[in-house]
Amino acid sequence: MISVRKSRERGHANLGWLETFHTFSFADYYDANHMNFRALRVINEDRVAGGGGFGMHPHRDMEILTYVLSGALQHRDSLSHVAVMKAGEVQRITAGSGIEHSEFNYSPTEPVHLLQIWITPEAQGLTPGYAQKSFVDAPVGGLTLVASRTGRDGSIDIHQDVDLHVGKFAGGQLEHIVAEGRHVWVQVTDGALEVNGVSLQTGDGAAVSGESLLRMASSGVAHFLLFDLP
């Protein structure tokens, strides 16, 4: 079964310096039918204007992944990490027992476009942590594993049995085997994609359950995330 979450149906807010779309309930946006998908709690698509950003604020008991689509984002946190993330980079914050961080557009003039993802961890009270890695050279025409529980194949490790892949197409097709008892969420960030014959456009998401094989195809450019979840 594939259930599509259309881009236009997401929660939306425009604060001037920030335009954001919420796939699941978040902050002032509440939708009882879209609270989460399995361990996937948040997918926020943010566009932050030059010089804008989020001041220091706390988090607990969440795996927070940030994927920069364009521009650059400056990060600071209470663990003394200071970093600039560019397009194609993935950051993981283990909020665990408590962390504070800030995120600002690194450019005073150019916008930054990103996805922020929250995954419910497998345990509470974990030691806070941080990791960052570039996947800008992820090959076109396949899936690249960017986060996993074990950090295998060069991915960033996270505290949950979730595999996060980046997919890039310039036309073509590929298959993804879904193990028994597993579920998939596909989030399209750019272009158009077909998943088992179901059409997805930029900003669309799809919850996949009860499917053992995903056949993904695109006649042109497509950029997407694929979450494989228990």
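This is a predicted model: local features need pLDDT of at least 70, side-chain atom pairs count only at pLDDT 80 or more; totals for chains, interfaces and linings use all residues.
## Contacts around Ala138

A contact here means heavy atoms within 4.5 Å. Leaving aside residues up to four places away in sequence, Ala138 touches Thr144 and Lys168. Ala138 sits in the loop between strand S12 (129-134) and S13.

Is Ala138 buried or exposed? Its relative accessible area is 10%, and because buried means under 20%, Ala138 counts as buried.

The largest nonpolar core has 26 residues, and the members that touch the most others are Leu40, Ile119, Trp185, Leu225, Phe227 and Leu229. Which strands each supply at least two residues of this core? They are S4 (40-48), S6 (63-70), S11 (112-119), S13 (142-148), S15 (163-177) and S20 (213-229).

Another core lies apart from it, with 16 residues that include Phe169, Leu200, Ala206 and Ala222. As a general point, nonpolar side chains tend to be buried together in soluble globular proteins.

## Positive phi in two loops

Ser80 is not a glycine, yet has a positive phi of about 75 degrees. Ser80 is in the loop between strand S7 (72-77) and strand S8 (82-86), and is exposed at 66% relative accessibility.

Asn196, also a residue other than glycine, has a positive phi near 50 degrees. The loop that holds Asn196 runs between strand S17 (193-195) and strand S18 (198-200). With 27% relative accessibility, Asn196 is partly exposed.

Methods
Residues are numbered from 1 along each chain as its sequence is written. Side-chain values use heavy atoms; hydrogens and water are left out. A nonpolar core is a set of buried Ala, Val, Leu, Ile, Met, Phe, Trp, Tyr and Cys residues joined through side-chain atoms within 4.5 Å. Buried means under 20% relative accessible area, exposed over 50%, partly exposed in between (1.4 Å probe, protein chains only). Helices (H or I, at least four residues) and strands (E, at least two) are DSSP runs, numbered from the N terminus.
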